[in-house]
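Keep the coordinates open while reading.

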Amino acid sequence: MCRILGSFAAGAAAHADRPDPAQLAAVSARQRHGGPDEHAVLTGPGWSLGCDRLAVTDPCGGQQPYRLPHLPGVLAVLNGEIYNHAELRRALAARGHRFPDRCDGTLLPALYAEYGPAFAERLDGMFAVAVLDLRPGSPRLVLAVDDMGMKPIHLHHDPYDGSTRFASEIPALLAFEGVRISPREDSLDTVLATRTSFSTHTALDGVSVLPPGATALVRPGAAPVVRRRGPHRSTPVGDTQDVLRHEVRRLAEAEVPVCAITSGGLDSGLVTALAAEHARETDAPPLHTFHLTYRGRWPDSEAAYARSVARRTRTVHHEVAVDPDEIGSLLTRTVRHLGQPNADPITLSTYALFRAVRENGFTVALTGDGADEIFGGYDRMRAALAAPAGADWAGAYADALSAAPRLLREHLYTADYRAHIADQGSAADRIEQELRSAEAVGEDRLTAMTAFETRWRLPAYHLRRVDHLSMAWAVEARMPFCQPSVVTHARALPTAARTGKRALYEAGAELLPSAVLRRPKQPFTLPLSAMLAPGSPLLETVRELLSPARLVLGGKVRADRVRKLLTRHCERPSPSDAQALWALAVHELWTDVVQGMRIPVGCAA
């Protein structure tokens with residue numbers, strides 16, 4: 001698990017200039033938090049390739065960028081884990097390749113030499129890989145990410161000089177000279193309509209993210225050519241519990257300390273139970289579990305459920321209590337690390353939780369992310385399936401994704417901004433169109449929703465958040481539900497079994513407390529509505545970010561109507577109003593933070 005970076009210019013030849021070392025040092029510094037164990041950047045005429053390493057597999061080996069003596073001119077860097085590296089190493093060794101260590105990424109130059117840009121089709125894991133082929137004839141850069149998009153690569157291509165630059169994190173990418181900072185005009189609408197940017201877009205013009213399961217081929221002077229690969233081939237064996245048990249055990253193996261995140265819900269509870277079972281059966285030390293809560297008395301606390309899971313599974317449980325007075329500071333830090341606005345307050349809890357994981361000496365954490373998307377767990381899915389023929393289920397589905405429903409958004413916008421969004425189209429419009437198009441060609445609603453969730457929303461909304469905020473504290477988050485065998489198994493289940501996570505409830509029947517199985521679904525987040533009540537420390541932060549002077553200057557929302565919304569919430573606190581106010585505040589803070597990203601300083605945790 002690492003952070004990677006690089007550049008490839010039009011003049012990638014002997015006469016081209018080498019990239020500025022000071023500039024590359026600035027890029028690396030902004031994502032060094034994710035790779036504190038080792039740092040290296042190689043440069044040549046018109047190119048650079050670098051890595052900040054978090055040593056997990058073969059900590060004493062695996063120096064990046066990877067190079068093999070018998071393959072001069074082929075360099076590679078890796079962010080993530082390749083779980084089938086032992087199998088691949090044996091196959092490559094049989095073809096005559098030799099490796100200096102047993103690190104998973106060391107085999108990448110040889111794998112590329114054998115299969116070219118198709119090398120990524122043979123990788124099983126979570127990964128973002130860059131391979132630089134400088135052999136005579138046709139130099140090229142190849143970028144690839146895993147099927148689910150667990151490890152991101154952010155890209156910028158300059159059409160004027162033909163150069164392409166990439167980094168694991170947006171703040172690092174913006175430290176490259178020539179990457180201009182220009183917020184997208186629709187960024188506010190996107191935050192309110194979908195909470196964060198979907199598809200290959202980010203909130204910045206010219207900065208894109210490689211889509212899940214994609215490989216990009218970059219030749220000197222040309223824009224990246226991106227293609228989607230077929231899914232990694234996997235043949236799961238057994239029922240849902242068997243398939244999940246296999247993945248949890250595989251991901252629980254590491255050469256560094258491993259723990260589990262336990263929210264108190266079904267998904268993380270299943271991962272916790274199976275990981276604890278594995279620890280007992282292998283005579284390993286007891287599994288440690290982590291749960292985050294906030295000091296004081298707040299509604300919807302899950303702490304009691306998390307404790308019951310820990311007791312049932314016999315783990316060493318850590319209940320991390322965050323002081324609400326710290327929330328303002330946490331907000332600024334999470335926005336800075338994410339590099340673009342994410343309107344879900346879960347970001348603060350995620351950041352604080354992984355901080356506690358690292359401070360307690362753990363480098364790998366197992367999480368339950370991805371289960372709702374793959375096993376149909378969201379209320380909006382059930383509502384869409386229950387909608388009668390002819391009903392606007394796609395519109396209701398898109399509205400359920402929003403931080404502010406369509407009518408509220410249009411009420412808050414200035415006339416000019418409302419007209420601009422109507423002319424250009426909203427992210428919500430594109431979601432509705434995708435869902436309706438899938439149904440029109442014969443896909444059932446559940447398949448259409450699951451495809452949208454796993455292809456676009458899960459990578460952008462959850463996986464990028466988990467990646468950035470776990471690596472902010474140099475913690476590798478591993479997600480059993482996102483592994484190919486689990487995804488393949490879920491897609492093969494009958495519709496009834498993958499609606500409302502029925503298959504997961506059956507898998508957890510003998511593993512989890514009955515109270516956890518019976519409880520209503522609840523997201524892992526902070527009690528936003530209560531924390532925005534009068535007298536709370538968070539309310540003043542939001543009020544300041546939404547001051548009339550700021551909003552008038554921005555020109556996108558009407559300051560008087562935002563003020564009325566804030567007053568209404570203070571008089572009658574509501575989750576929906578609190579979420580809309582939070583989204584507006586996050587976007588305002590992001591516009592401040594992004595303007596400071598030109599300063600080449602480290603993004604310290």
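L42 stands opposite L49 in β3. This is a predicted model. The pair belongs to β2 (residues 38-44) and β3, which run antiparallel and are joined by seven bridges. Two residues lie between these strands in their hairpin, where G46 adopts a positive phi near 80°.

**The antiparallel sheet**

On its other pairing, β3 meets strand β1 (residues 2-8), antiparallel again and over seven bridges. Here F8 is the residue opposite W47 of β3.

Is strand β3 buried or exposed? Seven of the seven residues in β3 (residues 47-53) are buried, so the rest of the structure largely encloses this strand. In a regular strand, side chains alternate between the two faces of the sheet. Both faces of β3 are covered. W47, L49, C51 and R53 are buried on one side. S48, G50 and D52 are buried on the other.

These strands are part of an open sheet of six, ordered β2-β3-β1-β8-β7-β9, with antiparallel pairing. Its edges are β2 and β9 (208-209), each of which pairs on one side only. Further along the order, β7 (residues 154-157) and β8 (residues 164-167) pair antiparallel through four bridges. H156 has R165 of β8 as its bridge partner. Helix α17 (residues 445-471) lies across β1, β7 and β9. The helix runs at about 105° to β1.

**The parallel sheet**

A second open sheet has five strands in the order β14-β13-β12-β15-β16, and the pairing is parallel. Strands β14 (316-322) and β16 (476-478) form the edges, pairing on one side only. Neighbouring strands in this sheet are turned by 30° against each other on average, direction ignored. Within the sheet, β12 (residues 258-261) and β15 (residues 364-366) share three bridges in the parallel sense.

| Strand pair | Sense | Bridges |
|---|---|---|
| β1 and β3 | antiparallel | seven bridges |
| β2 and β3 | antiparallel | seven bridges |
| β7 and β8 | antiparallel | four bridges |
| β12 and β15 | parallel | three bridges |

**Cores**

How many residues does the largest nonpolar core have? It has 131 residues. L174, L366 and F375 have the most contacts inside it. Helix α25 (residues 575-595) supplies the largest share, 12 residues. A second, separate core holds 24 residues, including V74, A76, L78 and V131.

Leaving aside neighbours within four places, F375 contacts T240, F481, V486, A490, L493, R498, T499, G500, K501, A503 and L504.

**Cysteines**

The structure holds zero disulfides. C60 counts as exposed because its relative accessibility is 75%. C259 is in no disulfide either, with the nearest cysteine sulfur, in C482, 17 Å away. C259 has 0% relative accessibility and so counts as buried.

A214 is found in strand β10 (residues 214-218). Its relative accessible area is 0%, so A214 is buried. Which residues does A214 touch, not counting those up to four places away in sequence? They are L143, A144, V145, V226, R227, R228 and R229. The C-alpha atoms of A214 and E121 are separated by 9.8 Å, although these residues are 93 apart along the chain.

T313 lies in helix α8 (residues 303-313). T313 counts as buried because its relative accessibility is 3%, under the 20% cut-off. Its side chain reaches the backbone oxygen of V309 at 2.7 Å. Beyond neighbours within four places in sequence, T313 is in contact with T272, A273, A276, R280 and L511.

Methods:
Residues are numbered from 1 along each chain as its sequence is written. This is a predicted model: local features need pLDDT of at least 70, side-chain atom pairs count only at pLDDT 80 or more; totals for chains, interfaces and linings use all residues. Side-chain values use heavy atoms; hydrogens and water are left out. A nonpolar core is a set of buried Ala, Val, Leu, Ile, Met, Phe, Trp, Tyr and Cys residues joined through side-chain atoms within 4.5 Å. Buried means under 20% relative accessible area, exposed over 50%, partly exposed in between (1.4 Å probe, protein chains only). Contact means heavy atoms within 4.5 Å. Two strands pair if DSSP finds at least two bridges between them. Axes are lines fitted to C-alpha atoms, for helices over the stretch in contact, and angles run from 0 to 180 degrees between N-to-C directions. A disulfide is a pair of cysteine sulfur atoms within 2.5 Å. A polar contact is a pair of N or O atoms within 3.5 Å; within protein, one must be able to donate a hydrogen and the other to accept it, and residues adjacent in sequence count only if both atoms are side-chain atoms.
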